[in-house]
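Please read it alongside the sequence and the model shown here.

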Amino acid sequence: MAGVGSAVRRLYLSVYNWVVFVGWAQVLYYAVTALLAGGHEGVYAAVERPLQLAQTAAVMEILHGLVGLVRSPVTATLPQIGSRLFLTWGILWSFPETQSHILVTSLVISWSITEIIRYSFFGLKEMLGFAPSWLLWLSEVGLSYIALPYMKVSEKYFVKMPNKWNFSFDYFYTCVIAIGVYVPGGPHMFTYMLAQRKKALSKAKTA
C-alpha cells in the first residue's frame, strides 16, 4: 500500500508541475509575441488570464508543504508565493494604470523564465536553474513602487473610520511597509534558492 501511495503522489506531483509548466510557457509566448508586435504597452493584456491562472495555481504548493507531499518548508514557500499573488492581484489586477508600464514586461518575462525552468526541473528531476534574481527582485519592487500614487488617489481597499467595526486599514501604507520588508528580504530568498540548487546538484552527482 505504501508503494501505491508513493506512486500516486509522484504521478500527482508530476502532472501538477507539467500543467503549471505549460501555463508559464503560454505566458512567455504571449508576452514575447505581444512585445514584438506592439511594444510593452500591450504585454499585460495579452498575458492577463494565463498569468493569473499560473500564478494562483502556486497556492497548491503551500498545501503540498502543509500535508507533507513535498519537503519544501512552508516558511520559505509562503512569503514567495504571497508576494507574487500580491503583485498579480493586489497591484496589476487592482490598479490597471500600472499594466502598461515597461516593468510589467520585465516582471512577466522574468517570472516566466524562472518558473518554466523550475517546473520542468520538478517534472523531470534532472535539471535546476533560475532567471537573474536581481532583475526579478528589481521588477517586483519597482512595480509596487509605481503603483503607490494610484493607490493613494483611488483609496482602493481602504477602510476608514468611523465604522461599525471600529477598524481602519490603509492599503497605501501597508504596501509601503511591504516594500520595506521586501527590499532586505530579497537577498534572503536568493540565498535560499542558491542553497536549494547546491543541494539538488549534490544529490544528482551521488545518484
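**Helix packing and local features**

H3 and H4 are roughly antiparallel to each other, in what is a predicted model. The axes of these two helices, H3 covering residues 59-67 and H4 covering residues 74-93, come within 9 Å and cross at roughly 165°.

**H3 with H4**

- The crossing in which H3 passes H4 is left-handed.
- On the H3 side the meeting residues are Val-59, Glu-61, Ile-62, Gly-65 and Leu-66, and their counterparts in H4 are Val-74, Thr-77, Leu-78, Ile-81 and Leu-85.
- Sorted by class, this contact of H3 with H4 comprises 7 nonpolar, 2 polar and 1 charged residues.

**H4 with H5**

- H4 and H5 pack with their axes 13 Å apart and at an angle of about 150°; because angles over 145 degrees count as roughly antiparallel, H4 is described as roughly antiparallel to H5.
- H4 passes H5, too, in a left-handed crossing.
- From H4, the residues Arg-84, Leu-87, Thr-88 and Leu-92 meet Val-104, Trp-111, Thr-114 and Glu-115 of H5, and by class the contact of H4 with H5 has 4 nonpolar, 2 polar and 2 charged residues.

**H2 with H5**

- Helix H2, which spans residues 43-56, packs with H5 at an angle of about 40°, the axes being 11 Å apart, and this angle makes H2 oblique to H5.
- As H2 passes H5, the crossing is left-handed.
- H2 contributes Val-43, Tyr-44, Val-47, Leu-51 and Gln-55 to the contact, while H5 contributes Val-104, Thr-105, Val-108 and Trp-111; by class, the contact of H2 with H5 has 7 nonpolar and 2 polar residues, with no charged residues.

**Transmembrane annotation**

- In an unreviewed entry, UniProt lists residues 12-32, 102-122, 134-151 and 171-195 under "transmembrane region".
- In the model, residues 12-32 are 100% helix and 0% strand, and the end C-alpha atoms of this span lie 31 Å apart.
- For residues 102-122 the end C-alpha atoms lie 31 Å apart, and the span is 100% helix and 0% strand.

**Salt bridges**

- The count of salt bridges in the model comes to 4.
- One of the pairs joins Arg-118 to Glu-61, with the closest N and O atoms 3.2 Å apart; this pair links distant parts of the chain, given that Arg-118 belongs to helix H5 (residues 102-124) and Glu-61 to helix H3, 57 residues apart.

- The peptide bond leading from Met-161 to Pro-162 is cis, with omega near -5°, and Pro-162 is found in the loop between helix H6 (133-154) and helix H7 (171-206).
- Glu-155 is a residue other than glycine with a positive phi, the value being near 55°, and Glu-155 has its place in the loop between H6 and H7.

Conventions. Residues are numbered from 1 along each chain as its sequence is written. This is a predicted model: local features need pLDDT of at least 70, side-chain atom pairs count only at pLDDT 80 or more; totals for chains, interfaces and linings use all residues. Side-chain values use heavy atoms; hydrogens and water are left out. Axes are lines fitted to C-alpha atoms, for helices over the stretch in contact, and angles run from 0 to 180 degrees between N-to-C directions. Helices (H or I, at least four residues) and strands (E, at least two) are DSSP runs, numbered from the N terminus. Angles under 35 degrees count as roughly parallel, over 145 as roughly antiparallel, 65 to 115 as roughly perpendicular and the rest as oblique. A crossing is left-handed if the near helix is turned anticlockwise from the far one by less than a right angle, and right-handed if clockwise. Contact means heavy atoms within 4.5 Å. Ala, Val, Leu, Ile, Met, Phe, Trp, Tyr, Cys and Pro count as nonpolar, Asp, Glu, Lys and Arg as charged, and the others, Gly among them, as polar. UniProt positions are given in the numbering used here, feature names are shortened, and annotations may be inferred rather than shown by experiment. A salt bridge is a side-chain nitrogen of Lys or Arg within 4 Å of a carboxyl oxygen of Asp or Glu.
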